[in-house]
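The sequence and model are shown first, and a description follows.

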Amino acid sequence: MIDDHPLRYALVNELHARPFPSLDLPCHAVYFAVKQPVDAHNRDRSEDLAHLLSLLDRNGAAHPPEGATHHAARIGRHDLKWESHTEFVTYSAFGKGVGDRAFNPAEAEVFPAEWAARAPGRRVAAILIRVEPLPDDLETVKTRLEEWFVPESLACSWVLDEAAIIAGDFQIDPAGFMRFAIFPRPGTGARRIGRIVQRLCEIETYRAMSMLGLGRARELNGRLNALDPKLSELVATMSDKGRDAEDTLHELLAISAELEAQAVRHAFRFGATGAYEALVTQRVQVLRETRFNGRQTFAEFMTRRYDPAMRTVKSAERRLEQMAERAERAGELLQTRVDVERSGQNQKLLESMDRRADLALRLQHTVEGLSVVAISYYAVSLGSYFLQPLADAMGWKKSLLTAALVPPMLLGVWLMIRRIRQKMH
């Protein structure tokens with residue numbers, strides 16, 4: 001037999017790690033997601049696991065294996081499902097039956113308030129879901145929807161080939177929960193009901209996570225609004241020869257550095273927003289909606305209320321990229337101008353050096369001429385002292401001897417200095 005890759009079984013098991021719940025009619029679900037406010041993807045996951053264990057110990061339920069990212073257990077009258085994701089942790093509790101009061105906050109007491117208050121993070125999503133059989137008279141459904149939800153924002157549709165009606169207004173009630181109602185047709189399978197419940201929870205969670213980028217986008221737009229005029233002014237003054245190019249370049253580099261810092265700061269959040277948006281769109285599509293009673297569908301609700309927020313995030317991200325590119329191009333042009341100016345300065349410096357070298361050469365020639373005269377003077381003096389006895393014997397005067405020595409001494413010294421200069425060159 002061929003040896004298996006060490007990750008083969010782990011990767012296959014990952015496909016089956018998060019099965020949909022199996023729910024019988026009628027039933028209800030309580031769901032919430034917790035995220036740490038800052039740097040959630042690098043959080044200490046042991047804190048999440050410790051929080052889960054404290055809930056399990058309250059109910060005498062079994063612990064998950066070490067390093068688990070999902071766990072299912074029975075707590076009281078509810079089935080618990082816990083999942084650890086990249087940035088957040090989710091808790092789902094599924095119970096049989098529904099109360100006389102729709103969306104009763106007491107249903108959430110499956111998660112004790114003082115236990116929830118110790119969660120390592122902040123709540124980003126909280127949902128109550130009521131699942132009851134579809135009545136024969138659809139007017140009953142219309143009446144209940146009018147009583148339970150805000151009509152202006154109500155989204156309602158048939159899903160999964162009219163296997164069930166789903167409804168929700170995406171409003172947060174006074175208890176802090178978002179409400180959804182599901183009316184499956186009699187005979188709808190328990191796993192299909194569980195899939196619908198799971199999809200609604202995922203839609204709301206991923207919607208909330210993706211819209212975290214909206215706050216970042218608004219903050220970023222405010223900063224870009226302050227930087228844009230400065231960048232435009234610098235670009236406009238690049239051709240002004242009266243302004244020092246290096247000073248302009250330093251100011252431009254400061255703007256470029258801030259733009260790069262903003263890009264680094266927001267890159268993860270904007271990338272995550274795009275990923276969560278894709279998940280929201282995909283989860284809505286798999287519901288296979290058809291219109292019920294002329295109401296807007298979940299897809300239409302997202303198009304009108306959710307997509308503009310995502311376009312704002314994408315616009316801010318694109319604007320940041322464009323400004324960074326503008327600053328980079330301006331920096332390149334300004335650097336070219338600085339290089340040209342420096343080349344001109346270097347050229348002038350070389351011309352000045354050439355002039356100084358020419359003056360130095362002339363001065364050198366002058367000094368050489370003076371040196372010939374000075375050396376010849378001393379040579380003539382020495383020669384006259386040396387030849388004075390001979391001149392006295394021959395009856396020459398000293399002045400005649402000195403005059404006779406001047407020409408050969410000058411010629412000899414000049415030839416000597418010329419030979420030395422030729423050897424040096």
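At which residue does α6 bend, and which proline follows within four residues? Helix α6 bends by about 25 degrees at leucine 227, and proline 229 follows within four residues; the bend is the angle between axes fitted to the seven residues ending at a position and the seven starting there.

This is a predicted model, in which local features need pLDDT of at least 70 and side-chain atom pairs count only at pLDDT 80 or more, while totals for chains, interfaces and linings use all residues. Residues are numbered from 1 along each chain as its sequence is written, and side-chain values use heavy atoms, with hydrogens and water left out.

**Helix α6**

Helices (H or I, at least four residues) and strands (E, at least two) are DSSP runs, numbered from the N terminus. Helix α6 covers residues 212-236, which makes 25 residues. From first C-alpha to last it reaches 36 Å, close to the 36 Å expected at 1.5 Å a residue; the expected span is 1.5 Å times one less than the number of residues. Its buried residues (under 20% relative accessible area, 1.4 Å probe, protein chains only; exposed is over 50%, partly exposed in between) include Leu214, Leu220, Leu224 and Leu227.

**The sheet**

Nine strands form an open sheet of mixed pairing, in the order β2-β3-β4-β1-β5-β8-β7-β6-β9. Strands pair if DSSP finds at least two bridges between them. The edge strands, β2 (70-75) and β9 (290-291), each pair on one side only. Helix α4 (residues 138-148) packs on the sheet and touches β5, β6, β7 and β8, contact being heavy atoms within 4.5 Å.

| Pair | Sense | Bridges |
|---|---|---|
| β5 (residues 122-131) and β8 | parallel | five |
| β7 (residues 164-172) and β8 | antiparallel | six |
| β2 and β3 (residues 78-84) | antiparallel | six |

Strand β8 (residues 178-184) is mostly covered, with six of its seven residues buried. Within β8, phenylalanine 180 is the bridge partner of isoleucine 129, and proline 184 stands opposite alanine 164. A hairpin is formed by β7 and β8, with five residues between them; in the turn, glycine 176 has a positive phi of about 90 degrees.

**Cysteines**

A disulfide is a pair of cysteine sulfur atoms within 2.5 Å, and by this rule the count is zero. Cysteine 156 is in no disulfide, the nearest cysteine sulfur, that of cysteine 201, being 17 Å away. Cysteine 156 counts as buried because its relative accessibility is 0%. The sulfur of cysteine 201 is 11 Å from the closest cysteine sulfur, in cysteine 27, which is too far for a bond.

Note on methods
Axes are lines fitted to C-alpha atoms, for helices over the stretch in contact, and angles run from 0 to 180 degrees between N-to-C directions.
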